[in-house]
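Here is a walk through one structure, starting with its aromatic side chains and ending with its strands. Please keep the sequence and the model in view while reading.

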Amino acid sequence: MNNAINTAKKKHKISLRLVLIIPFLIEVCIIVGLVGFLSYQNGKQAVNDVAAQLREKVTSEIRVYIKNYLKTAILINKLNEDAIKLGNLDLDITRQNTKTELYLWKMIQNFGQVGWIYLGFEKGGEFLAIRKNPYTGELRFILDNQQTHYVTFEYAIDNTGKRGQLMQKFNNKYDARQRPWYQQAVKAKKPTWTSIYAAIDYDTSYFDFVQAVYNKQGNVLGAIGVAYDLNDVEHFLTKLKIGKSGQSFISPFSRLKPPPLGG
């Protein structure tokens with residue numbers, strides 16, 4: 001009888017202990033789980049906030065770079081247009097024109113962002129340009145005319161802006177009048193942005209700001225332009241540091257548009 005009573009009391013004590021402990025354990029588990037979940041969410045939100053700030057910083061940097069890049073083209077073309085009117089840019093490139101080449105050399109030094117500054121001519125489809133290598137910054141004079149048999153000659157430039165040694169000679173015939181930038185300039189009859197087009201002698205594509213040039217009778221003499229080498233833009237993007245493995249790019253569907261011609 002006593003043994004039965006003692007056994008019943010032990011069962012009662014065990015049951016009472018479980019009744020008191022189990023809810024407490026459940027409550028602790030809920031609290032710990034809730035704290036862990038909230039900590040995870042807060043940590044995740046903090047990471048997202050930092051990532052968003054980094055994206056915004058990089059995006060802003062790219063936008064500033066591209067907008068300045070494009071505004072520079074408008075300014076250069078305006079200066080070149082004025083230089084033609086003043087006679088500082090000679091439209092006759094059938095001879096070696098030291099004055100015009102020196103002008104282009106000084107211009108690209110003053111506006112280091114651009115890849116090309118060029119002149120194309122209705123007469124013979126001739127072409128004169130100064131080009132900056134997007135990776136080395138090295139400058140070259142580019143010439144296509146009757147003397148080069150209308151293929152591209154690329155010349156070195158010395159530290160005084162004079163044409164030096166012939167560095168490259170390409171095989172493709174070149175006629176400025178057949179190039180997209182020239183045709184778009186003549187068709188627009190005003191300063192305009194070109195569509196992206198592929199180069200002939202270089203492994204890249206370009207995006208230009210161009211305008212046609214006319215004589216006093218309103219006849220087309222040629223076109224002037226500033227070309228942006230897309231390799232140059234790529235080089236800028238690859239220099240941006242975005243963590244250990246982040247990459248930046250400019251979407252073809254980007255809302256970023258060329259600045260208006262008035263500013």
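Tyr-118 and Phe-127 are both buried (under 20% relative accessible area, with exposed over 50% and partly exposed in between; 1.4 Å probe, protein chains only). The model is predicted: local features need pLDDT of at least 70 and side-chain atom pairs count only at pLDDT 80 or more, while totals for chains, interfaces and linings use all residues. Residues are numbered from 1 along each chain as its sequence is written, and side-chain values use heavy atoms, with hydrogens and water left out.

The structure holds 13 aromatic pairs. Rings of Phe, Tyr and Trp (its six-membered ring) pair if their centres lie within 6.5 Å; planes under 30 degrees apart count as stacked, over 60 as edge-to-face and the rest as tilted. Tyr-118 and Phe-127 make a tilted pair, 5.6 Å centre to centre with 40 degrees between the planes. The Trp-181 and Tyr-182 pair is edge-to-face because the planes stand at 75 degrees, with the centres 5.7 Å apart. Trp-181 is buried at 2% relative accessible area, and Tyr-182 is buried at 2%.

The last two lead to the strands (DSSP runs of E, at least two residues, numbered from the N terminus). Strands pair if DSSP finds at least two bridges between them. Tyr-197 stands opposite Tyr-206 in S8, and two bridges join S7 (residues 197–198) to S8 in the antiparallel sense. In S9, Asp-229 is the bridge partner of Tyr-206; S8 and S9 (residues 220–229) pair antiparallel over nine bridges. Eight of the 10 residues of S8 (residues 205–214) are buried, so the strand is largely enclosed by the rest of the structure.

Notes: Helix = DSSP H or I, 4+ residues; strand = E, 2+ residues; numbered from the N terminus.
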